[in-house]
Amino acid sequence: MIEIKEVTNRRMLKQFIDFPAKLYKDCPYFTPYLYEDEIDNLVPGKNPASKYCDFKLFMAYKDGKLVGRICGILNHFSNSKYNQKRIRFNRIDMIDDIEVTKALIKAVEDFGKENGMEEINGPLGYSDQDKEGMLTKGFDQLNTFMTFYTHEYYVEHMKKLGFNVDVTWKEYKIYIPKEVDPRLKKASQFVQKKYGFHLQKIKSKRQLTKDVIVEVLKLTNVCYANLYGYVPIDEKQMMHLADQYIPLINLDYLSLVRDQDNKLVAYGLMIPTPVRALKKHKGHLLPIGWIDFLWDLKHAKVLDMLLVAVDPQYQSSGVMSMIFEQCIENALKNGIEHAETGPELEYNTNVQSLWKMFETENHKERVCWLKKID
């Protein structure tokens, strides 16, 4: 018999966060989530998304043993924006037992029905800054810092429970060339001269204030507004995300492009991936995990591409050549082997066209599921 319990205290929350690390303890491709960030994300008083989201955390037990978990999210802003009655699920992990998955999904469906919802979809988060999507390709690949890893049997469970694919995301390896393409340098120089753009020089993190992060996230709101299920980030969330992003940033891989009036028109943010440290310390920075974590953020040979955005009026200007030129130069200097994109909507050809000048590999895909609530 499967028993479902709602997370109601700190001890249960710790079990909820740590469950995937135990489930995947023998899987070489799984990377744990950052425990300290999960605490901030999953405690209503700490997560600014509570302003427009209600959420519950559920755990499944079989014969008294923890065998699964799921987060149910009522995103009122999204439902209003898209005129939908949907409840989202996220952070779904379970043993290979369809009855466990069925019980977890039912818990979220019941939460949704209590609030008048008619459909369930996911994995989707509070906003696009949360991890989203269920892996359907790339089960032999490490997940990045910003994505989930999930077993192949998850897909079969979802199909058996009547879910259909609502949208697909693709992820790419972008291999670093041996040198900066002269054509790229020429394009960068042309854009700078034509539009008066320049790369902001940030020499230390003391110059990287929260105001800069907020400026970046405001541009993100503009550029991502029409993407699938996107929920704008408000000021309070921006400050919350600034606290999470600033410690991660390696200045070699932050590119901020400004116009003649010093307005931000484009940016790119990548980090040397800290997955080795996360695996070693099971996602916990304390007591000593932060040492390896910080080392990886300086020395890892693979880059996780976190965010990229261009002001809509300049999306055909070639401004990305400036960002690529800077990032490739620094990647070559630091011996980077390749970069990995985050999930990109399969129909977002504007983003995918950015990689046409590079050697790439579509090594992962993930989906969002949808079905009517039973």
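**Notebook: loops, strands and overall form**

I began with Asn 262, which lies in the loop between strand 9 (254-258) and strand 10 (264-272). I am working from a predicted model. Asn 262 has a positive phi of about 70°, although it is not a glycine. I then looked up its cover: Asn 262 is partly exposed, with a relative accessible area of 44%.

I noted a second case of this kind. Arg 91 is not a glycine either, and its phi is positive, near 50°. I found Arg 91 in strand 4, which covers residues 86-94. Is Arg 91 buried or exposed? I wrote down a relative accessible area of 2% for Arg 91. Buried means under 20%, so Arg 91 counts as buried.

Next I went through cis peptide bonds. One joins Gly 122 and Pro 123, with omega about 0°. I placed Pro 123 in the loop between strand 5 (119-122) and strand 6 (134-137). Another cis bond runs from Leu 286 to Pro 287, with omega near 5°. Pro 287 sits in the loop between helix 9 (275-280) and helix 10 (289-299).

Then I turned to strand 7. Which strands does strand 7 pair with? I listed strand 14, strand 13 and strand 12.

- I took strand 14 (residues 360-372) to begin with: nine bridges join it to strand 7 (residues 164-175), and the two run antiparallel. Val 167 stands opposite Cys 368 of strand 14.
- For strand 13 (residues 344-345) I noted two bridges to strand 7, again antiparallel. Here Lys 170 has Glu 344 as its bridge partner.
- For strand 12 (residues 338-340) I noted three bridges to strand 7 in the antiparallel sense. Ile 174 stands opposite Ala 339 in this pairing.

Last, I looked at the whole chain. I recorded 12 helices and 14 strands. The radius of gyration is 21 Å, close to the 21 Å that the globule rule gives for 374 residues, so the chain is as compact as a globular protein of that length. Along the principal axes, the C-alpha atoms fill a box of roughly 65 × 45 × 35 Å.

I also noted that buried residues make up 59% of the 374 residues. Of the contacts between residues at least 6 apart in sequence, 78% join residues at least 24 apart. The chain exposes about 17200 Å², and carbon and sulfur atoms supply 52% of that area.

Definitions and conventions. Residues are numbered from 1 along each chain as its sequence is written. This is a predicted model: local features need pLDDT of at least 70, side-chain atom pairs count only at pLDDT 80 or more; totals for chains, interfaces and linings use all residues. Side-chain values use heavy atoms; hydrogens and water are left out. Two strands pair if DSSP finds at least two bridges between them. Helices (H or I, at least four residues) and strands (E, at least two) are DSSP runs, numbered from the N terminus. The radius of gyration is taken over C-alpha atoms; the globule rule is 2.2 Å times the number of residues to the power 0.38. Buried means under 20% relative accessible area, exposed over 50%, partly exposed in between (1.4 Å probe, protein chains only). Contact means heavy atoms within 4.5 Å. Accessible areas come from the Shrake-Rupley method with a 1.4 Å probe; for residues, only the protein chains shown count as cover.
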